[in-house]
Amino acid sequence: MLEIKLILLRSAYLATLASTLAFCSTEALAQQPTTRPTQPAKAGEVENQEITLQKERNIRLPQANRIFTKIPAAKPNTDQRKLTYEFTDRPLVVGDPRLSPVALPVQSGKAEDQTAFNNYVKVGAGNYGSFYGEAFGSGTVNSNLMFDGSFKHLSSSVGPVDGRNSAQSENKLKVNGAYLANQFKITANLGYNRDGYYFYGYGRPREVNRDTIRQRLNTFNFRVGFENIDPEANIDYSLKTGITTLSDNYNATETDWATNFNGSVKITEKFVALVGADAFVTQRTDGPIDNRNLFRVKPTFKYTTSKFTVTAGVNAVNETDKRLGINHTRAFPVLDIDVVPVGNIHFYGGVDGDIVRNTLRSFLSENRWLSPQVVLANTEKTLDVYGGTKGEINGINYEAKVSYAQYRNFYAFNNTWPDTSRFYVLYDSGKAKVLTISGQLGYSVKDFFRSTLKVDVYDYTTSRLEEAWHRPRVIGTWSNSLIINKKLFVTADLYNYSGIKAKNFVSGEVVTLQPIWDVNLKIDYFLGKQVSAFVTLNNILGKNYQRYLYYPNQGLNFLGGVSYSF
């Protein structure tokens, strides 16, 4: 009888120990980062795998720095997709006129013993009568259906000159949804942006009616997508389509329907056929109605070995413009060769061409001070010959590239006549030539420090334009982020734009703008598991530099606030 009792007690102890270990293992696994699961051993495991995948997808990571071409890893991940898709329209980035210096986002990380929270609310305030608010939330309907939404508001009640006449505000609202199946994914995005500002580049002293210099941009967009997520499939594909509408305070509207398809077919282990296709149907109403369409198809073939990769094909583009009376088709060669002589050191070169779409929305994203009824025309990159090297040496990533390109309808911005507070878009209808020398260095210490230095140097040879107005000759950026004690996060960046020329067509004076030096700093400190404080300092040098003639920027400006995660 005693032996039976001992056996029962031993069995109960073993059962309790096994249950405890199983529960702890489940808790530990739930906190580990996961990758895309392989074929589950049991059908009942599918929901757990997809729930974990969903949670990982909702974590907001910092925005990646732009690099010229991706540096392949020395040991590719077996789960990596065969093709990296880019669904945004191709911008003309030569001497890009944009400048939006802000402190860098905090690196992915969390405070000590902090649970990963997917939702947050941020509020803050600063000088220039600034107010900042941001929120992000996410959730799931079931194991396959997920969604998230975000809202951001940033405003300044006064600006660098004339008080409220240089005030500005921006509001962004976005909702995303995704449905994950075993072999495909369906996504949907809905967004609304509202930007308000004033044309404050007028001569002073001067009394103005604020209603006559007010500008307001409203942008709505809706987009859906369908793509393959099975990494083992021989046929890879992605199809996305959506509509974007833009309206402003001067009776201008633009409706843009964009459809993008990318696919690949694996012929052999080393040989892949690729195809990209884009269709853009655009109507612009700013005076007469203008229908502007562009269709692109880009079939290529890619051959890959351990020592080199060759991509060759053709890029065929058709564009039509009712107002300009354009309807023509162009074909451009596509050739890219990447050689790996040793380790992770690459030497590459190639040639390509394209027609770059220019829309009212794309121009306003570069220069918001545009005059009404600006002329819209696409830019044709007739030829681009490039070469360079990239790789990693002793933990330092590097890339150096030289490009020589020819353009037709190369564009620039300059002040209008007689109202110098607005800007025209000026085109070089001849052949403009641009030599670009670019380089970047990157270094990081995992979970501690990251630094990236980038420099782009441009030499413009215009045909019919006097100068490439308002395009910088040198662009330099130095970005750094530091994580201290898993509680304190510091990010700092430095921007330099120089060699910018402009012309006052009223006086005939050519002006070389002072070089831009913009230093920014952001500090985040975790006060607890769910609460953190932040301080952002922009333009620390306090220079009221001008990116565009007669438009000084804010001097030293700061924001401080708190964030709550849940």
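Strands β4 and β5 make a hairpin, with three residues between them. They belong to a predicted model, in which local features need pLDDT of at least 70 and side-chain atom pairs count only at pLDDT 80 or more, while totals for chains, interfaces and linings use all residues. Residues are numbered from 1 along each chain as its sequence is written, and side-chain values use heavy atoms, with hydrogens and water left out. The protein chain has three helices and 26 strands; helices (H or I, at least four residues) and strands (E, at least two) are DSSP runs, numbered from the N terminus.

**Chain totals and confidence**

- The protein chain has 566 residues, and 41% of them count as buried. Buried here means under 20% relative accessible area, exposed means over 50%, and partly exposed is in between (1.4 Å probe, protein chains only).
- About 29,800 Å² of accessible surface belongs to the protein chain, with 59% of that on carbon and sulfur atoms. These areas come from the Shrake-Rupley method with a 1.4 Å probe, and for residues only the protein chains shown count as cover.
- Take the contacts in the protein chain between residues at least 6 apart in sequence: 61% of them join residues at least 24 apart. A contact means heavy atoms within 4.5 Å.
- Mean pLDDT for the protein chain is 84, and 80% of its residues reach 70 or more. That score is the predictor's confidence in each residue, from 0 to 100.
- Residues 1-90 have pLDDT below 50, and this stretch has 104 contacts in the model beyond near neighbours in sequence.
- Residues 100-114 are also below 50 in pLDDT, with 52 contacts in the model beyond near neighbours in sequence.

**Strand pairing around β5**

- β4 (residues 168-180) and β5 run antiparallel and are joined by 13 bridges. Two strands pair if DSSP finds at least two bridges between them.
- Leu180 has Lys185 in β5 as its bridge partner.
- β5 also runs antiparallel to β6, with 15 bridges joining the two. Here Asn193 has Thr219 in β6 as its bridge partner.

**Aromatic rings**

- The whole structure holds 26 aromatic pairs. Rings of Phe, Tyr and Trp (its six-membered ring) pair if their centres lie within 6.5 Å; planes under 30 degrees apart count as stacked, over 60 as edge-to-face, and the rest as tilted.
- One of them is the tilted pair of Phe184 and Phe226, at 5.2 Å centre to centre and 35 degrees between the planes. This pair links distant parts of the chain, with Phe184 in β5 (residues 184-198) and Phe226 in β6 (residues 214-228), 42 residues apart.
- Phe184 counts as partly exposed, at 26% relative accessibility, and Phe226 counts as partly exposed at 33%.
- Phe410 and Tyr460 form another tilted pair, with 6.1 Å centre to centre and 45 degrees between the planes. Phe410 is in β15 (residues 396-415) and Tyr460 in β17 (residues 449-461), so the pair ties together parts that are 50 residues apart in sequence.
- Phe410 is buried at 0% relative accessibility, and Tyr460 is buried at 13%.
- Ring pairs also build a cluster, whose members include Tyr197, Phe199, Tyr250, Trp369 and Tyr551.

**Charges over rings**

- Arg422 puts its charged end over the ring of Phe199, 3.9 Å from the ring centre. The test is that NZ of Lys or CZ of Arg is within 6 Å of the ring centre and within 35 degrees of the ring normal.
- Lys401 has its charged end over the ring of Tyr386, 5.0 Å from the centre.

**Backbone spots to look at**

- Arg204 and Pro205 are joined by a cis peptide bond, with omega about 5 degrees. Pro205 is in the loop between β5 and β6.
- Trp417 and Pro418 are joined by a cis peptide bond too, with omega about 5 degrees. Pro418 sits in the loop between β15 and β16 (423-445).
- His470 has a positive phi, near 65 degrees, though it is a residue other than glycine. His470 lies in the loop between β17 and β18 (474-484) and is buried, with a relative accessible area of 0%.
- Lys486, likewise a residue other than glycine, has a positive phi near 55 degrees. Lys486 is in the loop between β18 and β19 (488-498) and is partly exposed, at 36% relative accessible area.

**A look at Ser532**

- Ser532 is part of β23 (residues 531-538) and counts as buried at 9% relative accessibility.
- Leaving out residues up to four places away in sequence, Ser532 touches Tyr525, Phe526, Leu527, Gly561, Val562 and Ser563.
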